[in-house]
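User: I would like to learn how to read packing and strand pairing in a model. Please take me through one case.

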Amino acid sequence: MTFLYEDPYFTFSFDDDRIIPRFHLEGIEVGRRVNLFRIDPGTGERLGLLAQATVSGGGWVDLLEPIIVRAGEAFIAVPVPA
């Protein structure tokens, strides 16, 4: 299947407060670095770097320190080019 458009990042948004110690990225290879940015959920504007991490087995990203996301907030995970 060919997609007309595909974002180069992964967006996570939440309806309730969450503590995020880890998350999953589909299709990203083990060892790839990712940067996490808090974003404005309405505009998608990057508001600040939350964390940097590395993808481990099965596409899981374990954070050194969990991030706290409040209801209505969002973040993106941006794979760093190899």
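User: Are F12 and F75 buried or exposed?

Analyst: Some ground rules come before the answer. This is a predicted model, where local features need pLDDT of at least 70, side-chain atom pairs count only at pLDDT 80 or more, and totals for chains, interfaces and linings use all residues. Residues are numbered from 1 along each chain as its sequence is written, and side-chain values use heavy atoms, with hydrogens and water left out. Buried means under 20% relative accessible area, exposed over 50%, partly exposed in between (1.4 Å probe, protein chains only). Both F12 and F75 are buried.

User: How is a pair of aromatic rings described?

Analyst: By the distance of the centres and the angle of the planes. Rings of Phe, Tyr and Trp (its six-membered ring) pair if their centres lie within 6.5 Å; planes under 30 degrees apart are stacked, over 60 edge-to-face, the rest tilted. The whole structure holds four aromatic pairs. F12 and F75 are stacked, at 4.9 Å centre to centre and 15° between the planes. F12 is in strand β1 (residues 10-13) and F75 in strand β6, 63 residues apart. Strands here are DSSP runs (E, at least two residues), numbered from the N terminus; helices are H or I runs of at least four.

User: Why is the pair of F23 and F75 edge-to-face?

Analyst: The ring centres of F23 and F75 are 5.8 Å apart and the planes are at 65°, so the pair is edge-to-face. F23 lies in strand β2 and F75 in strand β6, so this pair ties together parts 52 residues apart in sequence. Ring pairs link F12, F14, F23 and F75 into a cluster.

User: Which residues have the most contacts inside the largest nonpolar core?

Analyst: In soluble globular proteins, nonpolar side chains tend to be buried together. A nonpolar core is a set of buried Ala, Val, Leu, Ile, Met, Phe, Trp, Tyr and Cys residues joined through side-chain atoms within 4.5 Å. The largest one has 17 residues, and those with the most contacts inside it are F23, L25, L36, V61, L63 and F75. β5 gives the most to this core, with four residues. A second, separate core of five residues includes F37, I39, A74 and V78.

User: How many bridges join β3 to β4?

Analyst: Two strands pair if DSSP finds at least two bridges between them. Seven bridges join β3 to β4, and the two run antiparallel. R38 stands opposite G48 in β4. β3 also pairs with β6, in the antiparallel sense, over six bridges. Five of the seven residues of β3 are buried, so the rest of the structure largely encloses this strand.
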